[in-house]
Amino acid sequence: TDETTDAAGEAVLELAGVSKRFGRETVIRDLSLSVREGEILTLLGPSGCGKTTTLRLIAGLERPDGGEIRLNGAIVSGAGSFVPPEDRGIGVVFQEFALFPHLTARENVAFGLKGWDRADRERRVDELLDLVNLQSQGDSYPSELSGGQQQRVALARSIAPEPEILLLDEPFSNLDVDLRVRMREEVRRIIKRAGVTAVSVTHDQEEAMSISDRVAVVNGGRIEQIGRPDRVFQHPESRFVAGFLGHASFLSGRVGAEAVETGIGPVARDRVHGLASEYEGSRIEILVRPDDVRADRTASNANGRVVSRRYLGPTVLYEVELDTGERVGCMHNHDERIDPDERVAVVLEADHELSWFPQGADVAG
Ligand code: ATP
């Protein structure tokens with residue numbers, strides 16, 4: 001339902017039942033998605049799940065073995081048609097930016113505007129340099145620009161020819177951590193102001209969450225879940241999605257009449273999202289993230305033992321091994337100096353409903 005309700009506007013790009021094989025290996029399986037005008041959609045998944053292949057299929061650098069790809073309603077791949085990459089009106093930003101070193105920022109941005117008349121071209125380049133905040137660096141060569149500035153030139157160059165769709169392939173991976181975080185906001189702002197429709201790919205969940213209108217979590221060449229970042233994070237539909245987005249722990253428990261009996265004690269059923277009565281008596285797994293729980297060293301009803309402590313700057317992550325053998329990560333926002341090996345009671349603090357999965361299954365409840 002996220003697919004149809006989370007984004008308004010016309011579909012600019014549609015993939016319908018797309019598959020792709022390399023030799024005997026199927027790397028994209030029956031993949032369908034639709035990207036609406038002005039939307040930023042990110043394909044998020046582990047290495048090798050098929051993200052880059054999907055981008056290359058959209059760009060026309062690969063041909064699908066099945067299914068169709070449509071741009072603004074017209075088939076560009078599939079059903080016997082194939083529009084070559086240069087005729088698709090697609091802009092691409094690669095991780096290595098690929099700026100021309102012997103051209104200035106201004107000339108780099110103008111590069112894709114060959115067919116434009118001079119006055120229009122100059123106006124468009126000014127507009128773009130302005131958009132990416134590089135008005136005064138137009139005459140600088142790439143080697144004279146910082147990593148963040150180079151990335152903005154690359155973005156301006158891709159947006160300048162007014163592409164139907166902009167593809168971003170791990171656009172932040174060549175930037176150092178601080179800059180990467182700042183550039184996410186910047187890139188989102190630029191894309192939104194330019195009004196471009198964009199598809200990006202990354203394996204970094206924070207990046208996906210912060211730049212996207214919607215995220216598609218990809219696993220083994222299939223989309224496991226697609227929706228608004230907060231929805232996907234709060235209501236993962238599979239264990240894979242839950243585990244891929246942030247540090248997840250799973251508490252196994254038996255569903256009773258009032259509560260689920262778990263390794264951290266009873267969890268009231270009304271704290272568990274939509275747990276139907278038909279599950280009474282069966283085992284489920286409850287998803288807990290580190291900020292949902294706390295380790296209490298003063299409680300008398302200890303249920304586990306701290307096995308590690310990790311400083312993360314403003315927060316500390318304690319890994320607790322419960323007496324059931326399960327491990328739970330607990331995030332504390334100050335250091336109470338709980339030592340490894342200390343007995344603690346892991347206490348549920350979440351003020352939202354918890355997600356759960358039937359035990360052993362990979363489907364959400
Ligand atoms: P990464 O984040 O590591 O780039 P990815 O999710 O982008 O991963 P793809 O690059 O799309 O994954 O690759 C998906 C699968 O297809 C991998 O198993 C890869 O080895 C395989 N693959 C990709 N391109 C080719 C090719 N040209 N020939 C054969 N196999 C390929």
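Mentor: A residue counts as buried if 20 or more other C-beta atoms lie within 10 Å of its own, as exposed if 12 or fewer do, and as partly exposed in between, with the C-beta atoms placed from the backbone. This is a predicted model, in which local features need pLDDT of at least 70 and side-chain atom pairs count only at pLDDT 80 or more, while totals for chains, interfaces and linings use all residues. Residues are numbered from 1 along each chain as its sequence is written.

Glutamate 170 is partly exposed, because 19 other C-beta atoms lie within 10 Å. Helices (H or I, at least four residues) and strands (E, at least two) are DSSP runs numbered from the N terminus, and glutamate 170 sits in the loop between strand S8 (165–169) and helix H6 (177–194). Most residues other than glycine have a negative phi. Glutamate 170, although not a glycine, has a positive phi of about 45°.

Aspartate 341 also has a positive phi, near 85°, and is likewise a residue other than glycine. Its loop runs between S19 and strand S20 (343–348), and with 8 other C-beta atoms within 10 Å aspartate 341 is exposed.

Both of those strands belong to an open sheet of 5 strands in the order S16-S20-S17-S18-S19, with antiparallel pairing, where two strands pair if DSSP finds at least two bridges between them. S16 and strand S19 (327–332) stand at the edges, each with a single partner strand, so one side of each has no neighbour in the sheet. From one strand to the next the twist averages 40°, taken between axes that are lines fitted to C-alpha atoms (for helices over the stretch in contact), with angles running from 0 to 180 degrees between N-to-C directions. Within the sheet, strand S17 (residues 304–311) and strand S18 (residues 316–322) run antiparallel and are joined by 7 bridges; arginine 309, for instance, has tyrosine 318 in S18 as its bridge partner.

Aspartate 291 lies in the loop between strand S15 (283–288) and strand S16 (293–296), and is partly exposed, with 17 other C-beta atoms within 10 Å. Its C-alpha atom is separated by 8.5 Å from that of glycine 329, which is 38 residues away along the chain.

For the wider context, the domain assignment, whose bounds come from an automatic or database source, gives domain 1 (2–89 + 163–243) and domain 2 (248–358). The C-alpha centres of domain 1 and domain 2 lie 34 Å apart.
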